Amino acid sequence: MTTESTASRTAFSPDTASTRLHRALRVRLCEGDFTPGEVISIRRIAAKYGTGIMPAREAIRWLVTEGALIFSDSRKIIVPELSHDRFHEILFARKNLETEVSRQAFDHIGVADIEALERIDEQINDAIAQGDLVSYMRGNYQFHFHIYRLSQSQVLLPLVEILWLQYGPSMRYICTRWGASSIADDYHREVTQALRRGDLTSFCEAIAADIEQGMLLLE
């Protein structure tokens, strides 16, 4: 089951067709369900999710303001490709923000959470072995955000989600081109082992190394 993006949903968010669709599309982008350069059709999105044209248009325009989608001309909306400069900015931001969010989450991560992370990592390994790209991408998103949401950050977590909106489609491109097995080092395992030991420093280092490994494959 796809995990809902919780940072974008607060007690003050209206529960409307456009906000529900916006949350669903955010998760799909973070999980890499769209690819760089893909053209987004408002009508197709509306039909797929069973909404009207207006809610679909509003949700997509919201994603444009977040940098997840761009207008290539007056009528065409596409998933952007990462430029060299933008890539390095996102890498810098992800390593710093996600490491800090993980640090904030550390004291809130219990045994049940560690066990859940280990199960997700096993599912990721199975997906890699089976060449199941969709399950791999979803598992990777679920692993990271299981940790990040435990930070309970009202400031940094929404920023991390926006970075993933811009990163997810490019990660999908990596895995489509080279396969998920190109992610050679299992830093997720290092993350859970550090948590088992109660080792904050190693935990944050493993999170940073995992981010850098995936991002550097984009160069």
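Figure 1. From the N terminus on, the elements run α-β-α-α-β-β-α-α-α-α-α-α. The model shown is predicted. The protein chain has nine helices and three strands. Of its 219 residues, 48% are buried. Among contacts between residues at least 6 apart in sequence, 72% join residues at least 24 apart.

**Figure 2. Helix 3 and its buried side.** Helix 3 covers residues 53-65, which is 13 residues. From its first C-alpha to its last, helix 3 reaches 18 Å, close to the 18 Å expected at 1.5 Å a residue. Its buried residues are Pro55, Ala56, Ala59, Ile60 and Leu63. In general, an α-helix has 3.6 residues a turn, so residues three or four places apart point the same way. On the other side of helix 3, Met54 and Thr65 are exposed. The buried residues pack against two helices, helix 1 (17-30) and helix 2 (42-49), and against two strands, strand 1 (39-40) and strand 3 (77-78). Helix 3 is followed by Gly67, which has a positive phi near 85 degrees.

**Figure 3. Packing of helix 1 against helix 3.** Two packed helices are described by the angle between their axes and the distance between the axes. For helix 1 and helix 3, the angle is about 50 degrees and the axes are 8 Å apart. Helix 1 is therefore oblique to helix 3. The crossing of helix 1 past helix 3 is right-handed. On the helix 1 side, the contact is made by Ala17, Ser18, Thr19, Leu21, His22, Leu25, Arg26 and Leu29. Helix 3 contributes Pro55, Ala56, Glu58, Ala59, Ile60, Trp62 and Leu63 to the contact. Among these, Pro55, Ala56, Ala59, Ile60 and Leu63 are buried residues of helix 3.

**Figure 4. Packing of helix 1 against helix 2.** Helix 1 and helix 2 pack at an angle of about 105 degrees, and their axes are 12 Å apart. The two helices are therefore roughly perpendicular to each other. Leu21, Ala24, Leu25 and Arg28 of helix 1 make the contact with Ile45, Lys48 and Tyr49 of helix 2. Leu21 and Leu25 of helix 1 also take part in the contact with helix 3.

**Figure 5. Arg94 in helix 4.** Helix 4 spans residues 84-105 and contains Arg94. The end C-alpha atoms of helix 4 are 31 Å apart, which agrees with the 32 Å that its 22 residues should span at 1.5 Å a residue. The buried residues in helix 4 include Phe87, Ile90, Leu91, Ala93 and Arg94, as well as Glu98, Thr99, Val101, Ser102 and Ala105. Arg94 has a relative accessible area of 2% and is therefore buried. Leaving aside neighbours within four places in sequence, Arg94 is in contact with Thr99, Leu163, Trp164, Tyr167, Ile211 and Met215.

Figure 6. Tyr148 is found in helix 6. Its relative accessibility is 0%, so Tyr148 counts as buried. Tyr148 and Glu98 are 50 residues apart along the chain, and their C-alpha atoms are separated by 7.5 Å. Not counting residues up to four places away in sequence, Tyr148 touches Glu98, Val101, Ser102, Leu157, Val160, Trp164, Ile207 and Ile211. Glu98, Val101 and Ser102 are among the buried residues in helix 4. Trp164 and Ile211 are also in contact with Arg94.

Figure 7. Phe143 lies in helix 6. Phe143 is buried, with a relative accessible area of 0%. Arg119 is 24 residues from Phe143 in sequence, and the C-alpha to C-alpha distance between them is 9.4 Å. Not counting residues up to four places away in sequence, Phe143 touches Leu117, Ile120, Asp121, Ile124, His188, Val191 and Thr192.

Figure 8. Gln152 is in the loop between helix 6 (133-149) and helix 7 (156-178). Most residues other than glycine have a negative phi. Gln152 is not a glycine, yet its phi is positive, about 60 degrees. Its relative accessibility is 53%, so Gln152 counts as exposed.

Definitions and conventions:
Residues are numbered from 1 along each chain as its sequence is written. This is a predicted model: local features need pLDDT of at least 70, side-chain atom pairs count only at pLDDT 80 or more; totals for chains, interfaces and linings use all residues. Side-chain values use heavy atoms; hydrogens and water are left out. Helices (H or I, at least four residues) and strands (E, at least two) are DSSP runs, numbered from the N terminus. The expected span of a helix is 1.5 Å times one less than its number of residues. Buried means under 20% relative accessible area, exposed over 50%, partly exposed in between (1.4 Å probe, protein chains only). Contact means heavy atoms within 4.5 Å. Axes are lines fitted to C-alpha atoms, for helices over the stretch in contact, and angles run from 0 to 180 degrees between N-to-C directions. Angles under 35 degrees count as roughly parallel, over 145 as roughly antiparallel, 65 to 115 as roughly perpendicular and the rest as oblique. A crossing is left-handed if the near helix is turned anticlockwise from the far one by less than a right angle, and right-handed if clockwise.
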